[in-house]
Amino acid sequence: MEINRKLAILADAAKYDASCASSGTSKRDSVGGRGIGSTEGSGICHSYAPDGRCISLLKILLTNYCAYDCLYCVNRVSSNVARARFTVEEVVQLTLDFYRRNCIEGLFLSSGIIQSADYTMEQVVEVARVLREVHDFRGYIHLKTIPEASPELLARAGRYADRLSINVELPTVEGLHALAPEKDGQAIRRSMARLRIHIDDAKEAAKPLAPRAQTAVRPRRAAAPVFAPAGQSTQMIVGADATSDRSILTASASLYGAYRLRRVYYSAFSPIPDASRALPLAAPPLVREHRLYQADWLMRFYGFAHDEIVSADNGMLALDIDPKLAWALAHREHFPVDLNRAAKEMLLRVPGLGVKSVEKLLQARRIRTLRIDDVSRLHVPLKTILPFISVPGVGARNGLDDAALAARLKPAPRQASLFDAEPVHA
Ligand code: SF4
């Protein structure tokens with residue numbers, strides 16, 4: 001099969017995997033030119049490097065053949081889709097070609113499971129090895145690991161990759177049994193635990209020697225072994241079964257806590273051709289995925305516990321209002337927050353105040369008493385913030401007890417679009 005055809009099939013098959021934070025790329029049409037630098041076409045996604053840069057990755061599968069029959073997956077063995085398989089050399093060559101043309105800064109490689117978990121993992125690791133050892137490739141590499149692969153192969157993967165990910169796929173063990181019966185939830189968690197140990201060991205080895213261990217003649221320390229410096233991540237499919245947002249966030253909290261994952265990605269289930277009757281007919285609203293990301297953000301950066309974000313009634317996040325504002329409206333007894341005296345933890349709970357604005361407020365209030373003008377200068381949404389704060393110049397409980405407050409603060413309805421999701425309300 002011609003390589004471009006393989007690329008079309010295997011890049012398309014990889015698009016369902018959200019765990020590299022994929023997004024589109026702006027098209028640059030090279031028609032009439034010599035093709036250098038064109039980013040039109042398949043397989044380029046964006047991800048974030050450890051230093052915060054947004055980088056573009058070639059996102060492909062090694063193969064979309066798969067021996068497993070996960071009901072939600074377009075590549076399952078019973079799926080009637082065109083199949084293709086790259087050789088190791090082809091993936092290496094494609095990566096280098098795209099890289100030299102400055103279309104990508106790295107590779108995101110996943111694969112269906114062929115022959116056995118170990119065989120598949122060996123091929124995936126071999127791509128990374130050849131890139132690093134034969135071609136001295138310095139770009140970013142994100143490998144999707146096969147949880148059932150041997151610990152030695154997982155350990156090798158971490159030597160070449162910047163980031164490793166193992167998809168838990170479904171938030172609950174019951175969901176995994178029902179929709180991906182060949183997947184072993186225990187094996188997934190065992191592999192995550194192994195990766196965590198390797199990552200922790202590598203970080204420990206890279207730490208500078210403690211001052212008291214240093215002598216006049218400083219001992220030279222052997223170079224620390226590198227192991228997946230960008231950590232590990234995972235993906236959960238949302239809306240393929242009836243799992244509530246509360247259970248999803250509980251699963252995420254446990255993954256962050258137990259395996260120190262860098263990210264949990266939430267991917268709204270998308271209906272696939274010839275789908276099983278066990279699956280819903282329609283995708284969940286995309287905004288549900290967005291609300292989960294906002295809730296995840298609150299857990300990681302704002303000090304919220306997973307079980308306080310979702311209200312108890314139906315276990316679902318509100319779709320019409322962001323989770324931080326929803327929490328504040330439901331817990332008005334904690335407000336207004338005195339911007340000049342409140343602890344940082346409470347400032348972070350004020351709807352509309354983000355981590356950076358809180359840092360700026362904390363710095364400014366060391367010098368003088370904050371007034372409402374100082375808040376305005378932060379370019380934060382004053383209409384949202386005002387009911388929840390007290391500063392000189394703002395009346396106490398400024399509309400906080402208004403029964404219509406929620407309605408006043410809800411964003412006005414507007415035509416939804418795939419590409420203009422509202423920013424995370426911090
Ligand atoms: S193992 Fe992965 S590629 Fe294979 S069917 Fe399941 S989700 Fe799809």
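**Close-up views of a predicted model**

The model is predicted.

**View B. Strand 6 is mostly covered**. The strand spans residues 232–238, and seven of its seven residues are buried. Gln 232, Thr 234, Met 236 and Val 238 point one way. Ser 233, Gln 235 and Ile 237 point the other way. Both sets are buried.

**View C. Strand 6 pairs with strand 5 and with strand 7**. Strand 5 covers residues 163–165 and runs parallel to strand 6, joined by two bridges. Ser 165 has Ser 233 of strand 6 as its bridge partner. Strand 7, residues 263–268, also pairs with strand 6 in the parallel sense, here over six bridges. Gln 235 stands opposite Tyr 265 of strand 7. From strand 6 the chain crosses through helix 7 (residues 245–259) to strand 7. This β-α-β crossover is right-handed.

**View D. Asp 162 in the loop between helix 4 and strand 5**. Helix 4 comprises 151–160. Asp 162 has a relative accessible area of 15%, under the 20% limit, so the residue counts as buried. Its side chain makes a polar contact of 2.9 Å with the side chain of Arg 132. Leaving aside neighbours within four places in sequence, Asp 162 is in contact with Arg 132, Gly 139, Tyr 140 and Ile 141, and also with Ala 228, Pro 229, Ala 230 and Gly 231.

Technical notes. Residues numbered from 1 in each chain as written. Predicted model: local features only at pLDDT ≥ 70, side-chain atom pairs only at ≥ 80, totals over all residues. Heavy atoms only, no water. Buried < 20%, exposed > 50% of the residue type's maximum accessible area, 1.4 Å probe, protein only. Helix = DSSP H or I, 4+ residues; strand = E, 2+ residues; numbered from the N terminus. Pairing = 2+ DSSP bridges. Right-handed = clockwise from strand over helix to strand, strands pointing away. Polar contact = N/O pair within 3.5 Å; in protein donor to acceptor, adjacent residues only side chain to side chain. Contact = heavy atoms within 4.5 Å.
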